[in-house]
Amino acid sequence: MHSLPVISEEHFVSFYADKLAISEQYLARIVRLGTGKTINSLINELLVMEARTLLSSTKFTVGEIAAKLGFSDAAGFCKFFKRNAGQTPLNYRKGLLIWTERIAELNGELLNWIGNVMNLNNKLTDLNENGSRLMQLSL
């Protein structure tokens, strides 16, 4: 069995074809048959997924992420990411922070709402108990 590197280390079809000892054309054909995608689009999708993971789960700079993903410089990585993800890496990360902050706000609102419901429930329980006592007294 052949051992392949993590997709982020190599971006070229020729590398994978050589490692598998098959032609680039054959690799392209079997990938398209199996996935319906071109090998290059599959490699790009996997790179974008890995980039998104690193952007969302680490504090690495864009330059550090570019290097980890095998890009020669941050500018090339930023162009690649924007072309494939529709936004720059920094805007992607900024969007995550906005969503994280909004989720925290919603969690706070939900906790307040739950507290209010519990208080209301306690008041209704008290009213019910008092109503039961009044009914017993009137009998």
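Arg 93 is located in helix α6, which spans residues 89-138. The structure described here is a predicted model, in which local features need pLDDT of at least 70 and side-chain atom pairs count only at pLDDT 80 or more, while totals for chains, interfaces and linings use all residues. Residues are numbered from 1 along each chain as its sequence is written, and side-chain values use heavy atoms, with hydrogens and water left out.

The protein has six helices and zero strands, and from the N terminus on its elements read α-α-α-α-α-α. Helices (H or I, at least four residues) and strands (E, at least two) are DSSP runs, numbered from the N terminus. Of the 139 residues, 19% count as buried; here buried means under 20% relative accessible area, exposed over 50%, and partly exposed in between, with a 1.4 Å probe and protein chains only. Among the contacts with a separation of 6 or more, 46% come from residues 24 or more positions apart, where contact means heavy atoms within 4.5 Å.

A polar atom of the Arg 93 side chain does lie 3.2 Å from the backbone oxygen of Thr 58. This is a polar contact, defined as a pair of N or O atoms within 3.5 Å; within protein, one must be able to donate a hydrogen and the other to accept it, and residues adjacent in sequence count only if both atoms are side-chain atoms. Not counting residues up to four places away in sequence, Arg 93 touches Leu 54, Leu 55, Thr 58, Lys 59, Phe 60 and Ile 65. Phe 60 also takes part in another arrangement: the charged end of Lys 68 sits over the Phe 60 ring, 4.5 Å from its centre. A charge sits over a ring if NZ of Lys or CZ of Arg is within 6 Å of the ring centre and within 35 degrees of the ring normal.

The aromatic rings come next. A pair of aromatic rings is described by the distance of the centres and the angle of the planes. Rings of Phe, Tyr and Trp (its six-membered ring) pair if their centres lie within 6.5 Å; planes under 30 degrees apart count as stacked, over 60 as edge-to-face and the rest as tilted. A search of the whole structure finds five such pairs. In one of them, the ring centres of Phe 77 and Phe 81 are 5.9 Å apart and the planes are at 45°, so this pair is tilted. Phe 77 and Phe 81 are four residues apart in helix α5 (residues 74-85), and are therefore separated by about one helical turn. Both are buried. Phe 81 also pairs with Tyr 92: the centres are 5.8 Å apart and the planes at 65°, so this pair is edge-to-face. Because Phe 81 lies in helix α5 and Tyr 92 in helix α6, the pair ties together parts that are 11 residues apart in sequence. Phe 81 is buried with a relative accessible area of 0%, and Tyr 92 is buried with 15%.

Which residues form one aromatic cluster? They are Phe 71, Phe 77, Phe 80, Phe 81 and Tyr 92. Phe 71 is in the loop between α4 (62-68) and α5, and is buried with a relative accessible area of 15%. Apart from residues up to four places away in sequence, Phe 71 touches His 11, Ala 66, Gly 76, Phe 77 and Phe 80.

His 11 itself is in the segment before α1 and counts as buried at 19% relative accessibility. The side chain of His 11 reaches the backbone oxygen of Leu 69 at 2.5 Å.

Finally, Ala 21, in the loop between α1 and α2, has a positive phi of about 60° although it is not a glycine. Ala 21 counts as exposed, at 67% relative accessibility.
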